[in-house]
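This report concerns the surroundings of a ligand and the division of a protein into domains. Please consult the sequence and the structure shown below.

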Amino acid sequence: MAKIAVLERKCTGCGLCAANCPFGAIDMPNGKPELNAACKVCGICVKTCPEKAIIKLETKQDSVDKSQWKDILVFAEVSGGRLHPVSLELIGKARELGTPIGFKVKAVLVGKDVQPFAEELRHYGVSEIAVYDDPELSYFRADAYAACVEDYIQAARPSVVLVGATSLGRSLAPRLATRFHTGLTADCTTLELRENTDLVQIRPAFGGNIMAQIITTRTRPQFATVRYKVMNTPVRDDAATGEIAQKKIPKAVFDSKVSCVSVTPIPPKKSISDAEILVVGGRGLQKEADLEMVKELARLLGGDWAVSRPLVEKGWATNDRQIGLSGRTVRPRLIITCGVSGAIQFTACMNGSDHIVSINTDPDAPIFQVAHVAIVGDLYEIVPALIQKLKEAQP
Ligand SMILES: Cc1cc2nc3c(=O)[nH]c(=O)nc-3n(C[C@H](O)[C@H](O)[C@H](O)COP(=O)(O)OP(=O)(O)OC[C@H]3O[C@@H](n4cnc5c(N)ncnc54)[C@H](O)[C@@H]3O)c2cc1C
């Protein structure tokens with residue numbers, strides 16, 4: 001950890017530091033600089049000060065003994081009475097990461113009547129499945145669930161903990177990371193594990209303009225969340241392996257400050273993330289009515305339709321139809337993009353699709369870098385022609 005300090009005896013109160021601070025983090029209450037909570041320790045004030053009256057202090061932190069933390073733990077999420085499929089994707093990824101360095105994959109299940117899900121996980125190559133099963137855990141309460149997973153982490157000491165970037169996971173993972181005073185990287189798109197057990201957590205940063213590699217070098221465990229459909233679903237083994245361990249419910253669960261008064265289930269909604277075939281409209285569409293072509297092509301192909309962000313901004317579609325960093329991640333068997341340029345914020349969330357067909361008038365459009373089939377042309381000619389062909393092919 002670093003912090004900024006002002007050497008009062010050297011400071012002349014010139015105010016250059018406050019004027020140059022990009023975060024407005026320096027106040028001059030008595031004519032002398034005082035740092036407020038907005039300080040990001042960027043060090044610009046250190047460079048700006050003509051008197052060298054501002055310094056950056058580095059405090060040395062001890063590292064944990066990494067050899068004491070091994071294996072990969074996956075939080076297997078059960079919500080609404082089903083095992084969230086992202087849990088299986090994470091188990092598959094964990095196996096891929098762990099095998100080269102001899103790490104086992106473990107899972108932790110929390111909830112009420114979750115035993116059948118533990119049995120199912122035995123078909124995915126998990127060495128141990130820890131089960132916290134109690135009526136008190138019927139519904140997600142962040143403090144109670146965190147107490148259970150914390151209990152298991154304390155005992156199992158995993159090097160890496162993977163959590164699905166679902167609503168539940170996004171609430172649980174930061175609580176756990178805070179309890180262990182360790183790092184958490186949200187919405188990772190790629191994960192790699194170094195031989196020294198450091199997890200390289202790769203995700204778009206700064207609005208998707210760079211791919212950041214984030215490493216938790218000094219602390220353990222290393223927490224990462226990954227969205228649904230970012231990783232592949234592993235193949236289910238016929239053979240069931242792995243031990244199921246019933247765990248004692250920690251006292252903190254019964255002391256929870258949160259009580260569930262009532263639950264109103266939201267009717268299950270079809271998500272574009274689950275579609276096998278998707279037709280996507282982008283800003284190449286000139287008016288809202290033209291989106292009907294996209295919908296019709298999707299219908300004829302037996303698929304669903306989606307959009308890029310500008311169309312949501314125009315109010316032509318709701319956010320649950322948007323592909324991208326601020327929308328959904330998709331991985332269909334076939335995706336046809338119509339008038340989408342292929343900004344990284346879009347492609348990062350669809351480039352795992354099996355077959356990508358892109359229609360764009362611009363031969364240099366970045367979407368063609370990820371497309372398997374590039375159609376350089378006018379969507380107003382190509383989409384109606386495809387619709388016509390499909391109609392003709394119908395019995
Ligand atoms: C933090 C952040 C998050 C973001 N999140 C998302 C996100 O989740 N999803 C998302 O989509 N964007 C997101 N964006 C916006 C993103 O950067 C792009 O602006 C956006 O994806 C562009 O959408 P588009 O490709 O539809 O439009 P444009 O970039 O305008 O591209 C339109 C394309 O249509 C082509 N075209 C025009 N007419 C025709 C025609 N007749 N036939 C065929 N092709 C034609 C053009 O050649 C052009 O390539 C985000 C940006 C930021 C900063």
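The residues of the shell around the ligand fall into ten nonpolar, 14 polar and four charged; here Ala, Val, Leu, Ile, Met, Phe, Trp, Tyr, Cys and Pro count as nonpolar, Asp, Glu, Lys and Arg as charged, and the others, Gly among them, as polar. The model is predicted: local features need pLDDT of at least 70, side-chain atom pairs count only at pLDDT 80 or more, and totals for chains, interfaces and linings use all residues. Residues are numbered from 1 along each chain as its sequence is written.

Of the 28 residues around the ligand, Gly282, Arg283, Gly284, Gly324 and Ser341 come nearest; a residue is near a molecule if its C-beta atom, placed from the backbone, lies within 6 Å of it. At least two residues of this shell are supplied by each of α9 (309-313), α10 (344-347), β20 (355-360) and α11 (379-393). Helices (H or I, at least four residues) and strands (E, at least two) are DSSP runs, numbered from the N terminus. The protein has eleven helices and 21 strands.

The domain bounds come from an automatic or database domain assignment.

| Domain | Residues |
|---|---|
| domain 1 | 2-58 |
| domain 2 | 66-254 |
| domain 3 | 272-393 |

The centres of domain 2 and domain 3, taken over C-alpha atoms, are separated by 33 Å. Seven residues of domain 2 are in contact (C-beta atoms, placed from the backbone, within 7 Å) with eight residues of domain 3. On the domain 2 side, the residues touching domain 3 comprise three nonpolar, two polar and two charged.

Note on methods
Contact = placed C-beta atoms within 7 Å.
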